[in-house]
Amino acid sequence: MSNLTRDFFIALSNNKLLNKGAQKWGFRLGAEQFVAGLDVDSVLQSVKKLNEKGISATVDHLGEFVTDRSVSLRAKQNILHLIERIHEEKVDCHVSVKLTQLGLDIDEQFCLDNMFEIVELANKYDIFINIDTEDYLHYEQTLRVLDALREKYDNVGTVIQSYLFRAEEDMDRLKDARLRIVKGAYKESESVAYQSKEEIDANFLKLAKKRLKGDAFTSIATHDHNIINELKRFVEEENIDKNNFEFQMLYGFRTDMQEALAKEGYLFCTYVPFGEDWYGYFMRRLAERPQNINLIIKDKLYDSDNRIKKTPVIVGSAVVASLAYFLCRRKK
Ligand SMILES: Cc1cc2nc3c(=O)[nH]c(=O)nc-3n(C[C@H](O)[C@H](O)[C@H](O)COP(=O)(O)OP(=O)(O)OC[C@H]3O[C@@H](n4cnc5c(N)ncnc54)[C@H](O)[C@@H]3O)c2cc1C
């Protein structure tokens, strides 16, 4: 993908005005393909359907970069409610959270207090809490919050981004924690992160193999069939216990492959986002894979005609840009 297209959508994902507009005007850009509804009831319905196929889930109540205390407190209440419902409904599911939703940009201690409440309740019900990693600006703080929580609880872990130069060092330090390995979804500077796909992929494989040889549980989170196939071979060769790791993918992506991996006997977990604050998440998915735009346009504009699949990415970009511009103007 061209860096220009990626940068364009990452810039859109950070646009606060558009974030607000999207919340207000609802699912307008095709987000329902990747977001499992707006409330707990709908997300749990989706989780139950996955569970029926032998797939577990990690549920994310969408929201990030919050600067208002009351918004963070509301998000915490929603997550506590989600945990209660997961327990009541006995679904096979854990929870992913973003610290900037829970007040990291307001005050680190405030965020930590919110997290203590969340991890405490989840611990009572034996539910795991994953702290998603966000942009590098919040990375040190995220690790500090994790360390403080891990002094008291072991039902909490985080995500290692293979684009970061320091990923291996952090992964080794957290060797006893449950970790998810990803490539990394934000635009980071070349002073801290690999920029080329080759380097990021190579580091992903190196980290995943090292982790798989250890004892702690690992989530391999990627849609990349080359990486998945290489790791399947590695696991066979090294005789690694299949109960010690899982593959993860995002809701709405490569659904056939998700189900196939579960059928092959691998633990599989789908990341299922829900909630009104879907805009930033959705734009990052478009940044990762412009073909997603074509899927959406096709879904939105055509029933069964295949022609749109051949439409150049630039057309998709233009449509989304126009929609974004339109939302922006309506706000004014
Ligand atoms: C479960 C999960 C949790 C995540 N959590 C975080 C997090 O906490 N922090 C963070 O920074 N990032 C997170 N990410 C995002 C991650 O960092 C990447 O940005 C994202 O997964 C894209 O990289 P990839 O490895 O999936 O494949 P890419 O590098 O995007 O794709 C590699 C190749 O795989 C194939 N491919 C990929 N997607 C598709 C598709 N939909 N259909 C067909 N072929 C496809 C294509 O051939 C493509 O060239 C998460 C991702 C997942 C899956």
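Strands, like helices, are DSSP runs numbered from the N terminus, a strand (E) having at least two residues. In the predicted model, the secondary structure of the chain comprises 13 helices and eight strands. Of the 332 residues in the chain, 40% are buried. Among contacts between residues at least 6 apart in sequence, 70% join residues at least 24 apart.

Strand E4 (156-161) and strand E7 (245-250) each contribute at least two residues to the shell around the ligand. The largest share, three residues, is provided by E7. The shell has 22 residues, of which Asp132, Val182, Ala185, Thr222 and His223 come nearest to the ligand. By class, nine residues of the shell are nonpolar, seven are polar and six are charged.

Two packed helices are described by the angle between their axes and the distance between the axes. For helix H4 (residues 69-89) and helix H5 (residues 108-124), the axes come within 10 Å and cross at roughly 5°. Angles under 35 degrees count as roughly parallel, and H4 and H5 are therefore roughly parallel to each other. On the H4 side, the contact is made by Ser72, Lys76, Ile79, Leu80 and Ile83, and on the H5 side by Asn114, Glu117, Ile118, Leu121 and Ala122. Six nonpolar, two polar and two charged residues form this contact of H4 with H5. An α-helix has 3.6 residues a turn, so residues three or four places apart point the same way.

One of the H4 residues in this contact, Leu80, was considered individually. Beyond its neighbours within four places in sequence, Leu80 is in contact with Glu117, Ile118 and Leu121. The C-alpha atoms of Leu80 and Leu121 are separated by 7.4 Å, although these residues lie 41 residues apart along the chain. Leu80 counts as partly exposed because 16 C-beta neighbours lie inside 10 Å.

Leu137 is placed in the loop between strand E3 (129-131) and helix H6 (139-150). This residue has 12 C-beta neighbours inside 10 Å and therefore counts as exposed.

Helix H9 (residues 225-238) consists of 14 residues and reaches 20 Å from its first C-alpha to its last, close to the 20 Å expected at 1.5 Å a residue. H9 is hardly covered, with one buried residue among its 14 residues.

Most residues other than glycine have a negative phi. Just after H9, however, Asn239 takes a positive phi of about 60°. Asn239 lies in the loop between H9 and E7, and it counts as exposed because it has 6 C-beta neighbours inside 10 Å. A positive phi is also found at Lys90, which is not a glycine and has a value near 50°. Lys90 occupies the loop between H4 and strand E2 (93-97). With 8 C-beta neighbours inside 10 Å, Lys90 likewise counts as exposed.

Notes
Residues numbered from 1 in each chain as written. Predicted model: local features only at pLDDT ≥ 70, side-chain atom pairs only at ≥ 80, totals over all residues. Axes fitted to C-alpha atoms, helices over the stretch in contact; angles between N-to-C directions. Helix = DSSP H or I, 4+ residues; strand = E, 2+ residues; numbered from the N terminus. Parallel < 35°, antiparallel > 145°, perpendicular 65-115°, else oblique. Contact = placed C-beta atoms within 7 Å. Nonpolar A, V, L, I, M, F, W, Y, C, P; charged D, E, K, R; others polar. Buried ≥ 20, exposed ≤ 12 C-beta atoms within 10 Å, placed from the backbone. Near = placed C-beta within 6 Å. Expected span 1.5 Å × (residues − 1).
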